[in-house]
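Subject: Structure for your review

Dear colleague,

Please find below the structure that I am handing over to you, together with its sequence. My findings follow it.

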Amino acid sequence: MVATQFYVMLTSTVVNITLPVMGEDLGLAPTLLPQVVGAYVLATAALLLPAGRAADRFGRRRLLLIGLAVSTFASCLVAVAGDATTLIAARAFQGAGIALVQAALLALFLLRAPEGERAKPLSLWGMATLAGGGVGVLFSGLLTEVAGWRYVFFAIAVFAALLAPLCAVTAPSDEVTGGRVPRRDLVSLVVLASGLVLLAFGTAEAGRWGMSRLQALIPAGMGLALLVLLIALERGRSNPLIPLRIFASASVRAAQVGVAVLGMAATGMFFLLPLYQQRVLGDSPGTAALWQVPLTVASSMGSVFAARLGRRLGSRTALALGQTVLAVGLLWMGRLKGERSFADEALLPSLLIGGGLGVALVHMVKAATAGADQQNAGVASGLTTTVKKCGGVFGLTALGSLAAAVTGTADPGLPHVRALQEGYAAGFTLLGALVAATVLLIPLAPLLGRIASRRSHRSTAVDSAPPRTGP
């Protein structure tokens, strides 16, 4: 189970360093690069909740093995892709396989530990998560430089193929509830997945064509309509698939917005940084990967010490501190000129980004799931993960479009490298501004919630007051 979680994180991060080389090899337009990452993230986000329901009903071990098989085949498809369409479709297929694995893995992992002795296995789980992310960046960079980006995906396909029989033998058997999925649950899951896909697709096409193009507005509008329909479907149910009561608190609703912004920051930063390193600074994939190791370590340390910081300062203060450090690091990255080495100009802001993100994400997720009781904890966690990944998808689209637009409208007399630098700097600045704008989101949420509640009570009192009669 630890090795499988390591594989999940490895698969999620290997594209960060290989993306610039993949784009050059396949001749991808700048606006297509975010879609290579976004297709994977969106497929994972859209399928997490449906896969979780399927795991509960039909068996987690069975779903885990199916997910490993799907991701193995998809990794091979990515490795042999010869054009943008095949590559993006294969990445979406890969994300679908990882969603099946993620939906089953943690539950199976915890089945190996008694109810009161889960601290040690969860620490191993966290170690695998952090190590997989760091090793994924380093492994992909070095292997891309030595053998080429295609061998990276062949290697992780072999890793998954070796894991599958081991999981079949060692994964604990779990109870299968069986039976048919309730029709209303099935409808809600289809509406959710369809709405997310259409909204992300419309956003991506708007980034490529501009918001004036009807082709972009139609799928985006349909996606929003489906998500509104989902809320209407779930609101009237006694046992809803997505219990909306967990979002009753103003702080929880604000935290979900914050989670989406942090998802944009995390996914967008790991998208922009390798492009900046390789296309502006001229680093090789291996060198770029090595300079991202300190950032990964800083993020891991921030996550590890987030709880201790929360006990000393309070969770809200620790969250605001993490957000502030993250915003400072991103805004600092936006002011770099790309005229010196990564160590000279970008190492310190990258460490601030990593440490701030580690602290902020832990406390933001804590705030976002605070409204869930024990019965709904799993649903709340799944929804929060989905919100984070969707924030990453839409952030990638906005960042890719912004960077391409700024680069395309730069002074014609500028060298191409300087034009690229201006585009990436605009992306980092946008991320920093978004994070800075949410620093006061959680502290002000209770106040705004009370104001809204008082207005609602006053309106209700006025409406229910008896009509006045004459003297």
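Is R150 buried, partly exposed or exposed? R150 is partly exposed, as its relative accessible area is 25%. Please bear in mind that this is a predicted model.

The salt bridge

A search of the whole structure finds one salt bridge. In this salt bridge D25 is joined to R150, and the closest N and O atoms are 3.6 Å apart. Because D25 lies in helix α1 (residues 2-26) and R150 in helix α6 (residues 149-170), the pair ties together parts that are 125 residues apart in sequence. D25 is also partly exposed, with 45% relative accessibility.

Helix α6

Helix α6 has 22 residues, which should span 32 Å at 1.5 Å a residue; the end C-alpha atoms are 32 Å apart, in agreement with that value. The buried residues of α6 are W149, V152, F153, I156, A157, A160, L163, A164 and C167. An α-helix has 3.6 residues a turn, so residues three or four places apart point the same way.

Aromatic pairs

The count of aromatic pairs comes to six. One of them joins Y7 and F159: the ring centres are 5.8 Å apart and the planes stand at 90°, so the pair is edge-to-face. Y7 belongs to helix α1 and F159 to helix α6, so this pair ties together parts that are 152 residues apart in sequence. Y7 is buried, at 0% relative accessibility, whereas F159 is partly exposed, at 23%.

The rings of W149 and F153 also form an edge-to-face pair, because their centres are 6.2 Å apart and their planes are at 80°. Both residues, W149 and F153, lie in helix α6, four residues apart, or about one turn of the helix. Both W149 and F153 are buried.

The surface and helix α8

A nonpolar patch on the surface is formed by V293, V297, M301, V304 and F305, which together have about 400 Å² of accessible area. V297 is part of helix α10 (residues 285-313) and is partly exposed, with a relative accessible area of 46%.

I218 is located in helix α8 (residues 214-235) and counts as partly exposed, at 44% relative accessibility. The C-alpha atoms of I218 and L199 are separated by 9.4 Å, and the two residues are 19 residues apart along the chain.

Yours sincerely

Note on methods: Residues numbered from 1 in each chain as written. Predicted model: local features only at pLDDT ≥ 70, side-chain atom pairs only at ≥ 80, totals over all residues. Heavy atoms only, no water. Patch = residues over 30% accessible without salt bridge, like charges linked within 9 Å, V, L, I, M, F, W, Y side chains within 5 Å. Areas by Shrake-Rupley, 256 points an atom, 1.4 Å probe, with all protein chains shown as cover. Salt bridge = Lys/Arg side-chain N within 4 Å of Asp/Glu carboxyl O. Helix = DSSP H or I, 4+ residues; strand = E, 2+ residues; numbered from the N terminus. Buried < 20%, exposed > 50% of the residue type's maximum accessible area, 1.4 Å probe, protein only. Expected span 1.5 Å × (residues − 1). Phe/Tyr/Trp six-rings, centres within 6.5 Å; stacked < 30°, edge-to-face > 60°.
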